[in-house]
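Good morning, and thank you for making time for this presentation. Please keep the sequence and the model in view while I go through it.

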Amino acid sequence: MASSLQRIVTPVLDPEPGIDPAAEAGLEPASGYRPPADPRLAVSVRGLTRAFASNTVIDRLDLDVPAGQFVVLLGASGCGKSTLLRILADLDTEIGGDVRVPARRAVAFQSPRLLPWKRVWRNVVLGLPGRPDRARAAAALAEVGLEARAEAWPKTLSGGEAQRTSLARALVREPELLLLDEPFGALDALTRLKAQDLVWRLWRRHRPAVLLVTHDVEEALLLADRALVMKDGVIAHSVDVDLSRPRDVGDPTFLALRADLLGRLGVDAPRSVA
Amino acid sequence: MTSPAVVQAPPAEQRAVVDGPPVARPAALPEARSGVAHLVPVVPSSTRRRTVPRWVRRPIGPLLLLLLWQVAVWTGTAGTDLLASPATVVRTLGHLTADGELGGAIAVSLERVGKGILIGGIAGISLALLAGLFRTGEDLIDASVQMLRTVPFVGLIPLFIIWFGIGETPKVALVALGVAFPLYLNTYAGVRNVDAGLVEAARTLGLSRFGLIRHVILPGALPNVLVGVRYSLGIAWLALVFAEQINANRGIGQLMMDAQEFQRTDVILACLVVYAFLGLAVDAIVRLLERGLLSWRPAFSGS
């Protein structure tokens with residue numbers, strides 16, 4: 001598994017196309033930057049800028065995500081966290097700066113975005129090279145507990161089932177980087193807990209680097225190796241979550257971290273219920 | 001019912017008085033319950049009304065109309081030389097079918113409309129795809145089509161006669177023209193209205209441009225294309241009726257023109273019935289097509 005990061009070509013602001021050879025050679029750092037212990041990175045961002053008209057949403061942002069790390073990106077609504085995710089997914093290329101991501105990456109969006117005219121299993125293997133591979137789809141669906149729904153139309157799935165299908169569709173690509181844009185946002189509380197647990201188990205088995213965008217601090221602390229808080233267009237705060245898994249929401253360290261993160265997100269009053 | 005805050009239950013023997021007429025309550029409600037006097041029963045729709053089934057109700061209107069027509073002819077309100085009775089029309093249909101005249105005419109008309117639909121369909125859909133999928137295509141095609149579609153196509157008949165003569169060509173061309181515009185408009189709208197979220201998701205799955213068109217855009221546009229097909233088939237018959245007034249020496253139109261010469265309203269009406277049934281048959285085929293092709297659709301189908 002070669003860890004070659006793909007540079008996102010920026011046709012608007014960056015006239016130099018193609019893959020930078022530096023990307024292959026261990027990502028020579030910009031000034032003042034120390035690489036982490038694992039030399040392989042799943043995301044490397046330097047000086048990223050994204051502006052909508054005169055409104056600069058992301059302003060000279062730097063970010064490194066080591067391979068296999070579960071990173072949760074928190075931030076108030078409109079802080080640019082979803083924009084960052086879209087840039088890492090190569091869906092938004094009107095950017096300045098240097099962004100490198102693996103060639104094998106996958107996205108699960110807030111809404112499942114399944115093609116309604118394709119049966120569940122065909123949705124899962126859509127875009128994979130070669131003929132649609134039923135067995136491969138079945139294996140991926142089995143991982144999310146949906147092997148029985150392989151032949152169903154997406155319209156017949158419940159919200160949780162559709163979101164799990166979307167996860168299976170992301171994982172069947174064996175991504176080195178899995179981008180999750182509030183994938184539990186539209187689920188009810190119970191389904192949400194199950195889905196979080198599922199994501200955690202899938203991550204443990206496949207070990208992609210994960211960037212999960214959310215505004216739910218508790219969710220972040222249940223899942224993350226590292227929690228990031230985005231503010232004013234940059235990563236304003238980064239905290240390593242050194243808690244054993246599975247995690248306990250009643251743990252004092254957990255609660256302290258939670259209060260700290262909520263404070264940084266501008267919620268000062270400690271809440272007793274999430 | 002005006003004070004729902006009062007939940008105190010009246011004793012059972014008093015309830016009848018409080019409730020008002022017992023007729024309002026369905027028999028299925030258990031009588032032994034207390035504390036429900038202020039509640040309104042939710043009546044299951046199955047017990048609500050014994051209604052006539054829909055398939056019986058639907059044809060009543062048209063049948064009444066037919067009856068009215070027949071009565072009008074019988075009573076002499078409409079003279080038989082102006083309007084043949086339904087019975088006469090059915091008899092005429094029988095005669096025309098028996099001597100093979102109608103069958104031949106239908107075959108000729110179907111050929112005209114079929115050729116027109118084929119040519120107009122290919123033209124309309126391919127232009128719409130070019131305009132819908134490519135920005136350059138849109139710039140080159142869309143403005144012209146939007147301009148031309150405002151011209152009433154029937155108004156082009158004189159021009160078509162000058163260009164194509166009075167043979168089959170102007171008739172087929174008129175049908176093709178009538179078919180092409182609704183198909184173009186609906187297909188183009190369908191392509192442009194494909195959910196951007198799905199297109200984005202498909203891009204993250206690594207679909208090529210061709211794959212995107214094949215797996216996302218074309219299936220996404222299909223419901224609109226089929227709306228266009230149904231609409232344009234309706235127009236096709238309309239265009240055919242107009243086209244067959246141009247010196248038709250064969251086909252349903254010719255039958256009608258001859259009937260006009262001899263004041264045979266029964267034949268004219270029989271031809272109109274044939275047009276109507278052909279239109280219905282074609283519509284049914286498209287419905288069948290929709291059922292097969294759009295079974296994935298979570299659309300509301302009426303209650």
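The side chain of B:Asn186 has a polar atom 2.8 Å from the backbone oxygen of B:Pro182. By polar contact I mean a pair of N or O atoms within 3.5 Å; within protein, one must be able to donate a hydrogen and the other to accept it, and residues adjacent in sequence count only if both atoms are side-chain atoms. B:Asn186 belongs to helix α9 of chain B, residues 168–192. Helices (H or I, at least four residues) and strands (E, at least two) are DSSP runs, numbered from the N terminus. Leaving aside residues up to four places away in sequence, B:Asn186 touches B:Asn224, B:Val227 and B:Gly228, where contact means heavy atoms within 4.5 Å.

A word on conventions. This is a predicted model, in which local features need pLDDT of at least 70 and side-chain atom pairs count only at pLDDT 80 or more, while totals for chains, interfaces and linings use all residues. Residues are numbered from 1 along each chain as its sequence is written, chains are lettered from A and ligands numbered from 1 in the order in which they are written, and side-chain values use heavy atoms, with hydrogens and water left out.

I turn to the interface. How many residues does each chain bring to the contact? Chain A brings 18 residues and chain B 17 residues. About 1,700 Å² is buried between the two chains, and carbon and sulfur atoms give 66% of that area; buried area is the accessible area (1.4 Å probe) that two parts lose on being put together, summed over both. On the side of chain B, B:Thr204, B:Leu205 and B:Trp296 lose the most area to chain A, together 39% of what that side buries.

Two salt bridges cross this interface, a salt bridge being a side-chain nitrogen of Lys or Arg within 4 Å of a carboxyl oxygen of Asp or Glu. A:Arg113 forms a salt bridge with B:Glu200, with 3.0 Å between the closest N and O atoms. Two or more residues on the side of chain B that touches chain A come from each of α10 (196–204) and α11 (209–243) of chain B. α10(B) gives the most, with six residues.

Next, the sheets of chain A. Two strands pair if DSSP finds at least two bridges between them. One open sheet has six strands in the order β6-β7-β8-β4-β9-β10 of chain A, with mixed pairing. Here β6 (105–108) and β10 (234–240) of chain A are the edges; each has a single partner strand, so one side of each is left without a neighbour in the sheet. Within chain A, β4 (residues 70–75) and β9 (residues 226–231) run parallel and are joined by five bridges. A:Val72 stands opposite A:Ala227 in β9(A).

Another open sheet of chain A has four strands, ordered β1-β5-β2-β3, with antiparallel pairing. Its edge strands are β1 (5–7) and β3 (55–66) of chain A. Four bridges join β2 (residues 41–52) to β5 (residues 96–102) of chain A, and A:Arg46 has A:Asp98 as its bridge partner in β5(A).

Finally, over all chains the structure contains 27 salt bridges. In one of these, A:Asp92 and A:Arg50 have their closest N and O atoms 2.8 Å apart. A:Asp92 lies in the loop between α2 and β5 of chain A and A:Arg50 in strand β2 of chain A, so the pair ties together parts 42 residues apart in sequence.
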